[in-house]
Amino acid sequence: MQPTAKPDPLAELTASIHLQRDLANQARAAFEAAIPILVCAIRHHSGQSGKVERILWSAWNGELSEVLAGLDSQLAQAVIAMVAARAHLSGDADGMLHKIITETRSQPPGSTAP
């Protein structure tokens with residue numbers, strides 16, 4: 001029988017840092033590519049432009065950033081996947097969102113329900 005290798009905390013930390021940097025680079029590239037689309041949408045002054053502007057200002061004012069900033073990479077990616085699914089699937093994401101709400105017994109912020 002072969003002895004199991006001891007975890008190497010330094011190697012794990014290094015891998016985590018590299019993953020975070022890779023995700024940051026991917027996010028930067030995706031965001032830079034999306035800027036013209038966002039600018040065009042906001043300039044169009046449609047119902048969608050209002051939604052995009054609210055998200056933009058939430059990110060700019062730090063409200064969105066404060067929520068995401070403290071999350072580890074895996075959890076941040078999961079939250080982004082949830083938001084992307086809601087944005088792209090609309091009501092078709094309801095079942096997935098409901099599953100999370102049901103399994104966690106989560107209540108809306110400010111809710112007084114037990």
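D94 is partly exposed, because its relative accessibility is 39% and this class lies between buried (under 20% relative accessible area) and exposed (over 50%), with a 1.4 Å probe and protein chains only. The side chain of D94 meets that of R86 in a salt bridge, with an N to O distance of 2.4 Å. A salt bridge is defined here as a side-chain nitrogen of Lys or Arg within 4 Å of a carboxyl oxygen of Asp or Glu. R86 also counts as partly exposed, because its relative accessibility is 38%. Side chains of opposite charge can pair when their charged atoms come close. The structure holds one salt bridge.

The model is predicted; local features need pLDDT of at least 70 and side-chain atom pairs count only at pLDDT 80 or more, while totals for chains, interfaces and linings use all residues. Residues are numbered from 1 along each chain as its sequence is written, and side-chain values use heavy atoms, with hydrogens and water left out.

Helices are DSSP runs (H or I, at least four residues), numbered from the N terminus. Helix α1 covers residues 9-44 and helix α2 covers residues 47-60. The axes of α1 and α2 come within 8 Å and cross at roughly 125°. Helix α1 is therefore oblique to α2, since this word is used for angles that are not under 35 degrees (roughly parallel), over 145 (roughly antiparallel) or 65 to 115 (roughly perpendicular). Axes are lines fitted to C-alpha atoms, for helices over the stretch in contact, and angles run from 0 to 180 degrees between N-to-C directions. The crossing of α1 and α2 is left-handed, meaning that the near helix is turned anticlockwise from the far one by less than a right angle.

Helix α1 contains V39, which is partly exposed because its relative accessibility is 34%.

R21 and H45 are 24 residues apart along the chain, and their C-alpha atoms are separated by 35 Å. H45 is in the loop between α1 and α2 and is exposed, because its relative accessible area is 68%. Most residues other than glycine have a negative phi. The phi of H45, however, is positive, near 55°. R105, which is not a glycine, likewise has a positive phi, of about 60°. R105 is found in the segment after α5 (94-104) and counts as exposed because its relative accessibility is 73%.

A81 is partly exposed because its relative accessible area is 45%, and A78 is partly exposed because its value is 42%. A81 is 40 residues from A41 in sequence and 22 Å from it in space, C-alpha to C-alpha. A78 and P3 are 75 residues apart along the chain, with their C-alpha atoms separated by 35 Å.

Methods. Helix = DSSP H or I, 4+ residues; strand = E, 2+ residues; numbered from the N terminus.
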